[in-house]
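This briefing is meant for someone meeting the structure for the first time. Please look over the sequence and the model before reading the points below.

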Amino acid sequence: MYKINDNYLKLPGSYLFSAIGRKVNEYAAAHPDKKVIRLGIGDVTQPLAPAIIEALHGAVEEMGHAETFRGYAPDLGYEFLRTAIADNDYKARGCEISADEIFISDGAKCDSGNIQEIFSVDNRIAVCDPVYPVYVDTNVMAGRTGTYDPVKETWSDVIYMPCTAENGFSPEFPDKTPDLIYLCFPNNPTGATITRDRLQEWVDYANRIGAVIIYDAAYEAYISEEDVPHSIYECEGARTCAIELRSFSKNAGFTGVRLGFTVIPKDLKCGEVSLHALWARRHGTKYNGAPYIVQRAGEAVYSPAGREQVKKQVAYYMNNARYILTGLKEAGYTVSGGVNAPYIWLKAPAGMTSWEFFDYLLEKANVVGTPGSGFGPSGETYFRLTAFGSYENTVEAVDRIKAL
Ligand code: MLT
């Protein structure tokens with residue numbers, strides 16, 4: 001008789017955004033007359049930029065001719081895209097990352113879930129609390145997290161680093177020593193950032209204790225302040241302790257197109273073993289690459305026209321963020337984030353849990369957000385709104401909340 005991977009049975013409930021999606025669909029079905037505005041999951045709403053559409057059309061055309069048709073993509077991704085990334089995202093910022101240290105994928109969600117596979121199940125992970133649930137859930141599936149305490153909503157073998165208003169939503173070094181440290185800045189869900197100096201301290205700490213930082217920089221395009229690092233490789237010594245994850249979803253609207261990448265410097269070694277080589281082995285074995293047409297679309301993001309157009313798109317969403325921040329402050333809410341990130345983190349009204357506030361907003365204002373407790377115990381009594389809606393819907397949602 002076969003056996004299942006019973007680590008899956010340890011997972012409480014369903015994936016956060018699936019649970020919210022179901023709840024909202026049920027509400028919408030029961031109230032067909034209501035216009036529900038979704039500012040929950042961080043999904044973009046603006047169409048792909050013209051330069052990207054043009055690149056997609058061009059690549060589709062190439063696929064229709066024997067001379068230009070492409071089959072399987074190269075293991076690490078096409079050279080043209082990896083070079084564009086290395087030049088624009090790294091060399092232009094003074095980071096020493098070369099094209100052959102970049103692995104193209106179909107998105108940062110998959111990479112952030114899969115990366116743990118190259119590490120021993122004995123490793124102890126440290127995560128921010130609140131945290132993007134994929135980091136923890138995929139470690140649960142791998143059997144790395146111990147037992148779940150349903151009262152505290154924590155795992156016995158996970159080191160939680162609370163990110164609270166008191167510490168500016170920036171984690172302190174944990175009391176226990178971790179092997180793998182997940183950091184995400186600009187942060188999902190709090191929208192908080194980290195300064196370059198503080199990130200340097202994390203890099204020094206990781207090198208000192210022999211840990212790897214898995215640095216999720218999916219929201220770097222939203223950074224507007226000077227001393228906020230766009231990449232962990234802006235820090236000295238990061239090549240020996242950090243893996244960086246990036247996405248095209250939020251900076252260029254690829255949530256439905258799928259494209260991302262992971263950077264593993266060749267200096268990152270466990271003894272004599274190169275993590276780059278391990279990930280290359282995994283990538284080659286389990287993955288056949290993002291489609292050629294999508295990689296060409298990704299290349300277009302770095303063209304002069306593409307850069308201009310996606311910058312405007314990011315500015316559009318950040319204008320929404322400003323509207324939400326200002327509107328909620330006027331309505332008396334305690335709010336943060338939204339300056340270097342497309343997420344606004346607000347405190348639920350006194351006496352309400354995150355889920356109570358979720359239900360309240362859904363029923364009274366027909367606005368969907370994400371309950372903070374879904375991201376971890378320190379998220380309780382908080383709530384996340386995304387700036388990724390259309391401007392009109394964002395204005396309407398905020399005005400409805402203000403009118404409550
Ligand atoms: C979020 O809402 O946290 C993100 O959109 C989820 C994701 O990128 O997978």
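How many residues of strand 3 (residues 125-129) are buried? In this predicted model, strand 3 is mostly covered, since 5 of its 5 residues count as buried.

**Strand 3 and its two directions**
- Ile 125, Val 127 and Asp 129 point one way from strand 3, whereas Ala 126 and Cys 128 point the other way, and all of them are buried.
- In a regular strand, side chains alternate between the two faces of the sheet.

**Partners of strand 3**
- Strand 6 (residues 158-162) runs parallel to strand 3 and is joined to it by 5 bridges, with Asp 129 standing opposite Pro 162 of strand 6.
- Strand 7 (residues 180-184) also pairs with strand 3 in the parallel sense, here over 3 bridges, and the partner of Val 127 in strand 7 is Tyr 182.

**Helix 1 and the segment before it**
- Glu 26 lies in helix 1, which covers residues 16-30, and Glu 26 counts as exposed because its relative accessibility is 55%, where the cut-off for exposed is over 50%.
- From Glu 26 to Leu 328 the separation is 302 residues in sequence and 27 Å in space, taken from C-alpha to C-alpha.
- Leu 9 belongs to the segment before helix 1, and Leu 9 counts as exposed because its relative accessibility is 63%.

**A nonpolar surface patch**
- Leu 9, together with Met 1, Tyr 2 and Ile 4, makes a nonpolar surface patch of about 600 Å².

Terms used:
Residues numbered from 1 in each chain as written. Predicted model: local features only at pLDDT ≥ 70, side-chain atom pairs only at ≥ 80, totals over all residues. Heavy atoms only, no water. Helix = DSSP H or I, 4+ residues; strand = E, 2+ residues; numbered from the N terminus. Buried < 20%, exposed > 50% of the residue type's maximum accessible area, 1.4 Å probe, protein only. Pairing = 2+ DSSP bridges. Patch = residues over 30% accessible without salt bridge, like charges linked within 9 Å, V, L, I, M, F, W, Y side chains within 5 Å. Areas by Shrake-Rupley, 256 points an atom, 1.4 Å probe, with all protein chains shown as cover. Salt bridge = Lys/Arg side-chain N within 4 Å of Asp/Glu carboxyl O.
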